[in-house]
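Here are my notes on the model you sent over. Have it open in a viewer while you read.

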Amino acid sequence: MGIVMPVYKQSSNLFIAAIESIIHQKYPYFHLVIVIDGATPNVVRVANEYASKDARITVIEEEENKGTDVALNIGFNYLQGNVNIHYLTWVSSDNIYYPDFVGVLRELLVESPSNIGLAYGGFHVMDDNGEDIDKTIAWNKRLNQPKENLIQEYFIGYAFMYKKAFAQKIEGYRYMPVEDYDYFLRLTEHCDITFTPQKLMGFRFSSPYSNSLQISNSPEVSQRRNDLLFIVMKEARHRRDKLRKLEKQYKIDARYSNPYTGPTIANNRVIIYIPFNNLNVQETLPEDHPANQTQKNIHLTEEWINNRISIFMNFTLKSLVNQSNQNYLAFVVYHDSTKPYIDKALQNYPELPFHIQFISSSGYEEAVIKALDGYDYFYELHLYSDDAYHKDYIEQLYHYRPAPQTKVLICQNGYAYQSNTHELVEYYNFSSSFNCLIYNVKDYVNGVRHNIYEPVWTGAIALPHEIISNRVYLNHAHEANSAFFLEDEKNWNWRNEKGEPLNLVENTITNNEEKQRILQEFLGPNYRMEQTGLD
């Protein structure tokens, strides 16, 4: 599990006591990230001394003080990349955490149903000498409430832990000094909560650098806190209104009389599988390859890889970062033999977001299974490394309620875009490659896989399926595309045995403003047709 401790100015004695209380937890398997939010000599010295003695501690030093919320995000961004960490919390640099703090909260989350994402407990309120004050009884009486009451008051307190799986569904901390309240309002829109009355830590109410002391001593700070509380509550009510409308829009069909138990925003893991150069190739490209093998395996060559990564970065990546819901993982899967070329090419571009990764073909399934821990359902989306999804597609999937027997959602309607000529058309594909496979996580871990490749062209639609009717994909035609040619799609209409069309090029979008609007819905508000130049 992962723990973040933000610290700016702090008494050395209190800081040492806080660190000591963490490193002596009964449950010892954790990683503590101390984020120094503006270097102060005594804090840097103490933090580095402990890190040099304990491999579980990492120190991140920031020269400029930017606030608790920024420091928390730095720490949690560091922890998010560790696939072995499934539970998160943060601790203050002046409080005391009792030996059962980590173990009790973690066990609550491990033993609870999968919809439980936040566990919290009781605490003592202490003075500067570590003695209880009269606030302890009153504050603890308010703790055990249903999550619906959180919109009215903050009752989670200071001893808490939550699942990383749910934290990945929302943005990070903001709005200091009400960062916890805002964060947990957003987190609990995706999960339920559980409480233990056991007192797990000691909260110092008036230590010299505490937020509570600054609020009580400064009318300006107190007013800012009240203003931010108003903003946080207003935003939460707006989100809840929007969620109710979405749930009504994607309401399950009335013919299903039993309560819905399928994929939801809380129990579903969305992973985008992006084949890069791993399909239909030989193990290696022989040095003395015949001419016909050169073309077949051209996507194992450094030249092809450099060109396709450029297209990915300037097209498909824009679609991924433009998604209105960033709660997904995207794995760009490459042929194992080309790792040196991939690594070399990626050095020419900014670092990718942590949830978008290039990964070898042999490592894909292991990475997926690790990412499914804590989830009941798994959506595997398919997207080629030069195509795009509409910005609201992932958000739509989280609110879509498939029938119990459905194994695949098929996106028949989209657009085709010839980027070097800027031709944009409405496009239909009977059983497109832009599909979403639905798995029960237990089945997937036990080896169940849906066959979407047989029969050819119509494998996905041969499975129990549902159709996503709106236009959610952009099939990208360009000079280097060896699989999709817009002119061929116009000239040839393939049909199945029933005579149903397998592909149709429909209306051409001729108005440039309309083309620009559509492209920006897929590739972001800053995308301009004239910037493409992709070949």
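1. Ground rules. This is a predicted model, so to speak of local features we need pLDDT of at least 70, side-chain atom pairs count only at pLDDT 80 or more, and totals for chains, interfaces and linings use all residues. Residues are numbered from 1 along each chain as its sequence is written, and side-chain values use heavy atoms, with hydrogens and water left out.

2. The whole chain. There are 17 helices and 20 strands; helices (H or I, at least four residues) and strands (E, at least two) are DSSP runs, numbered from the N terminus. Of the 535 residues, 52% are buried, where buried means under 20% relative accessible area, exposed over 50% and partly exposed in between (1.4 Å probe, protein chains only). Contact here means heavy atoms within 4.5 Å. Taking contacts between residues at least 6 apart in sequence, 78% join residues at least 24 apart.

3. H1 on H2. Helix H1 (residues 12-23) and helix H2 (residues 41-53) have axes that come within 10 Å and cross at roughly 25°. That makes H1 roughly parallel to H2. For the geometry, axes are lines fitted to C-alpha atoms, for helices over the stretch in contact, and angles run from 0 to 180 degrees between N-to-C directions. Angles under 35 degrees count as roughly parallel, over 145 as roughly antiparallel, 65 to 115 as roughly perpendicular, and the rest as oblique.

4. From H1 come Ser 12, Phe 15, Ile 16, Ile 19, Glu 20 and Ile 23, and they meet Asn 42, Val 43, Arg 45, Val 46, Ala 47 and Tyr 50 of H2. Sorted by class, this contact has eight nonpolar, two polar and two charged residues. The classes are: Ala, Val, Leu, Ile, Met, Phe, Trp, Tyr, Cys and Pro nonpolar; Asp, Glu, Lys and Arg charged; the others, Gly among them, polar.

5. H11 on H12. Helix H11 (residues 302-321) packs on helix H12 (residues 339-346) at an angle of about 45°, with axes 10 Å apart. The two are therefore oblique to each other, and their crossing is right-handed. Glu 302, Ile 305, Asn 306, Ile 309 and Met 313 of H11 make the contact with Tyr 341, Ile 342, Lys 344, Ala 345 and Leu 346 of H12. The split by class is seven nonpolar, one polar and two charged.

6. The cores. Which residues touch the most other members of the largest nonpolar core? Ile 34 and Tyr 162 do, out of 77 residues. A nonpolar core is a set of buried Ala, Val, Leu, Ile, Met, Phe, Trp, Tyr and Cys residues joined through side-chain atoms within 4.5 Å. Beyond neighbours within four places in sequence, Ile 34 is in contact with residues including Phe 15, Ile 19 and Ala 47, as well as Ile 57 and Val 59. A second, separate core has 43 residues, among them Ile 272, Phe 358, Ile 394 and Val 472.

7. H4 and Thr 194. In helix H4 (residues 101-111), the buried residues are Phe 101, Val 102, Val 104, Leu 105, Leu 108 and Leu 109. They pack against several strands, including E1 (2-7), E6 (116-126) and E8 (192-204). Thr 194 is in E8 and is buried, at 19% relative accessible area. Thr 194 and Leu 105 sit 89 residues apart in sequence and 9.5 Å apart in space, C-alpha to C-alpha. Leaving out neighbours within four places, the contacts of Thr 194 include Leu 108, Ile 116 and Tyr 120.

8. Backbone spots to check. The peptide bond from Met 176 to Pro 177 is cis, with omega near 15°, and Pro 177 lies in the loop between helix H6 (164-167) and H7. Tyr 175, in the loop between H6 and H7, has a positive phi near 60° without being a glycine. His 422 also is not a glycine and has a positive phi of about 65°; His 422 is in the loop between strand E15 (413-418) and strand E16 (423-429). Tyr 175 is partly exposed at 21%, and His 422 counts as partly exposed at 23%.

Notes. A crossing is left-handed if the near helix is turned anticlockwise from the far one by less than a right angle, and right-handed if clockwise.
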